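Trainee: I would like to learn how to read a few features of a protein model. Please show me the structure before we start.

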Amino acid sequence: MRKKGTWKPAVMLTTILALALSACSGGGANNAAPSEGSGDSAPQTGNSDAGAAETPKELVTLRVLVMEPGTKWNSVQNDSVVAKELAEKLGVKIEYVEADENKFNVLLAGGELPDIVRADPIKFQKQLIEGNLIIPMDDLLASHGKDITANIGTVVEYGKKNWSNGTGNTYFLPPQVQPKPGEAVAPITIGATIRWDWYKEIGAPPMDTMDQALDAVEQIVKNHPKTDEGKPVYGVSMWQDWGLWPYTITPLVFTKLQGTTSDLTAAPVGGHDFISVLTDETSNFWVAMDFFNKAHRRGLLDPDSLTMKNNDYMAKATAGQIVLGPATWAMGDFNAQHPEGDKGYIVVPAGQLAWTGGVNPLGWVDKSYSISKSSKHPEKAMEFLNYIFSYEGARTMYNGVEGTHWNMVNGVPTLTEETLALKSAGGTEFEKTGMSLDRNIIGLGGDLINPNDGQPVNLFNAGEALAKAATPLEKDFAAHYGAAYSGEVFEKLIEEGKLDTFTTWMKGMSDDEILKRNTVPGVTLSEDMKKTEAALKELAARQAAKIVLSKSEEEFQKNKAEAIKAFQDGGADAFTQYYNDEVKRLRAEHGLTD
């Protein structure tokens with residue numbers, strides 16, 4: 001975060017979010033996703049080619065394959081002002097095709113893919129390119145992608161070198177490109193997410209450790225064993241169709257350990273010496289094992305946690321059956337269905353880290369867009385991609401239509417009072433507009449400054465809008481901590497040194513140094529290591545169920561020792577050594593030796 005010429009620790013480390021944002025599905029989440037590539041200047045201005053086109057008579061449906069079950073995009077198509085603007089400007093309708101990792105791989109193996117594929121080029125470039133499943137974009141960029149080349153040209157060039165499987169062509173375009181930090185802390189969406197009215201009721205006790213979090217949850221469940229509708233309330237829960245995500249992300253704000261391009265390795269925030277997630281007992285995986293096992297033994301763990309899929313989890317969250325979750329977007333539609341007062345889920349200060357903002361010179365790499373060879377509308381697909389990377393398109397997708405939802409006032413783009421009131425009221429009415437609904441589908445980061453007017457692309461992140469657009473829940477939470485809006489609660493704690501962020505380690509660095517250290521290429525696994533990783537992840541999922549259900553501390557320690565031995569025999573430590581060797585090599589090639 002930049003204010004008064006200094007860097008403030010309110011932005012995200014670019015390497016983390018390949019892991020984390022594989023988790024973040026829509027819901028307007030201010031998700032921090034990973035980055036690992038380059039860019040050497042702020043984006044240039046550009047006027048959207050597609051925006052100048054006349055309204056087509058017939059809509060072309062572009063289907064987008066996303067590895068994210070539980071998105072909301074398709075459900076708002078009929079009412080969304082954003083969807084209507086896409087139809088008017090481009091003549092397209094966007095339709096998500098959701099898949100978990102297994103279904104995603106099945107679709108890739110089948111060869112017939114939707115028009116656009118959203119995937120991690122580090123993991124999938126070889127399969128997609130050598131399999132002739134996606135097309136090089138270079139000719140289409142020249143004819144239909146002027147905003148892309150103008151605004152994220154350095155990302156395009158980086159992709160030719162690092163995401164082309166050695167061909168030197170452009171295949172992937174990551175969303176949420178933002179090489180500079182924002183000036184304020186927007187509402188935080190990932191972290192200890194708790195039912196605020198119930199938490200406040202018990203005095204909002206500190207949750208500096210995960211044991212303290214369980215203590216608070218236990219007290220809440222004792223006070224509220226059932227929902228108003230008579231359904232059982234569970235302290236914590238999780239889902240099983242996102243791989244190891246519940247075990248690697250849930251403890252992150254407590255451990256300050258983050259992953260990058262593999263679920264099986266992690267390093268301290270800002271560091272580059274990786275530990276094994278499976279054999280190092282300080283890792284997020286083992287902290288999560290301890291947390292969920294204690295929750296189980298205290299009777300606080302949802303009994304369906306080890307078999308449930310994300311959609312089932314979301315249904316329980318929507319029904320108000322879960323006290324503590326990992327993110328606001330992971331709590332279903334509860335907040336949307338309860339837009340008034342202090343009843344709802346919100347991220348509260350916990351642990352040692354605040355998940356704020358984002359500095360992503362390469363965007364959210366694991367969400368990178370490519371155009372499939374199967375698409376019958378590659379030109380339309382490129383027009384759509386060009387639009388989401390244009391300043392006009394990105395602002396529309398964040399803030400709605402100029403002249404309706406915001407106006408130029410004395411040369412400054414300004415949200416209307418009606419739009420601010422709609423956002424403040426929250427609930428389904430705002431959600432149905434499609435504004436800021438899914439950050440994964442917006443090419444430019446919200447805090448990126450539009451050089452045409454000097455304001456953030458996302459006007460909800462600008463100045464007074466943060467306070468005016470705050471929901472009743474956010475206002476009540478902020479007032480409890482003596483702040484005007486929810487992000488200010490965390491901003492004060494960061495300034496006081498009570499919480500770190502993903503860029504605290506960057507304080508004092510120049511812009512060039514920050515850019516350099518956040519554009520080191522990520523590790524691409526060899527084919528043998530991919531097989532080792534897959535086998536270990538499958539083994540970890542099986543072992544986790546046994547460990548979490550341990551009936552005593554003695555049984556937990558026994559199961560833990562057996563699991564670590566199995567992980568060692570499966571090659572976890574050799575995998576970590578290989579990963580660290582690759583990190584060292586890539587950093588040296590990038591000009592970094594420390």
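Trainee: Where does K256 lie?

Mentor: This is a predicted model, in which local features need pLDDT of at least 70 and side-chain atom pairs count only at pLDDT 80 or more, while totals for chains, interfaces and linings use all residues. Residues are numbered from 1 along each chain as its sequence is written, and side-chain values use heavy atoms, with hydrogens and water left out. K256 lies in the loop between α11 (252-255) and β7 (257-258). Helices (H or I, at least four residues) and strands (E, at least two) are DSSP runs, numbered from the N terminus.

Trainee: What is the phi of K256?

Mentor: Most residues other than glycine have a negative phi. K256 is not a glycine, yet its phi is positive, near 60 degrees. Q176 also has a positive phi, about 60 degrees, without being a glycine. Q176 sits in the loop between α7 (153-162) and β6 (190-195).

Trainee: Is Q176 buried or exposed, and why?

Mentor: Buried means under 20% relative accessible area, exposed over 50%, and partly exposed in between (1.4 Å probe, protein chains only). Q176 counts as buried because its relative accessibility is 6%. K256, at 22%, counts as partly exposed.

Trainee: Which side chain of opposite charge is nearest to D241?

Mentor: Lys and Arg count as positive, Asp and Glu as negative; His and the chain ends are not counted. A salt bridge is a side-chain nitrogen of Lys or Arg within 4 Å of a carboxyl oxygen of Asp or Glu. For D241 the nearest side chain of opposite charge is K309, 5.8 Å away, and D241 is buried with no salt bridge. D241 belongs to the loop between α9 (210-223) and α10 (245-248).

Trainee: Which residues does D241 touch?

Mentor: Contact means heavy atoms within 4.5 Å. Leaving aside residues up to four places away in sequence, D241 touches P69, D100, M308, K309 and N310. A polar atom of the D241 side chain is 2.8 Å from the backbone nitrogen of N310.

Trainee: In what order do the 4 strands of the open sheet stand?

Mentor: Strands of a sheet pair through backbone hydrogen bonds, either parallel or antiparallel. Two strands pair if DSSP finds at least two bridges between them. Here the order is β4-β3-β5-β12, with mixed pairing. β4 (92-98) and β12 (368-371) are at the edges with a single partner strand each, so one side of each has no neighbour in the sheet.

Trainee: Which strand pairs with β3 in the parallel sense over 2 bridges?

Mentor: That is β5 (residues 116-119), paired with β3 (residues 60-66). L65 stands opposite V117 in β5.

Terms used: Polar contact = N/O pair within 3.5 Å; in protein donor to acceptor, adjacent residues only side chain to side chain.
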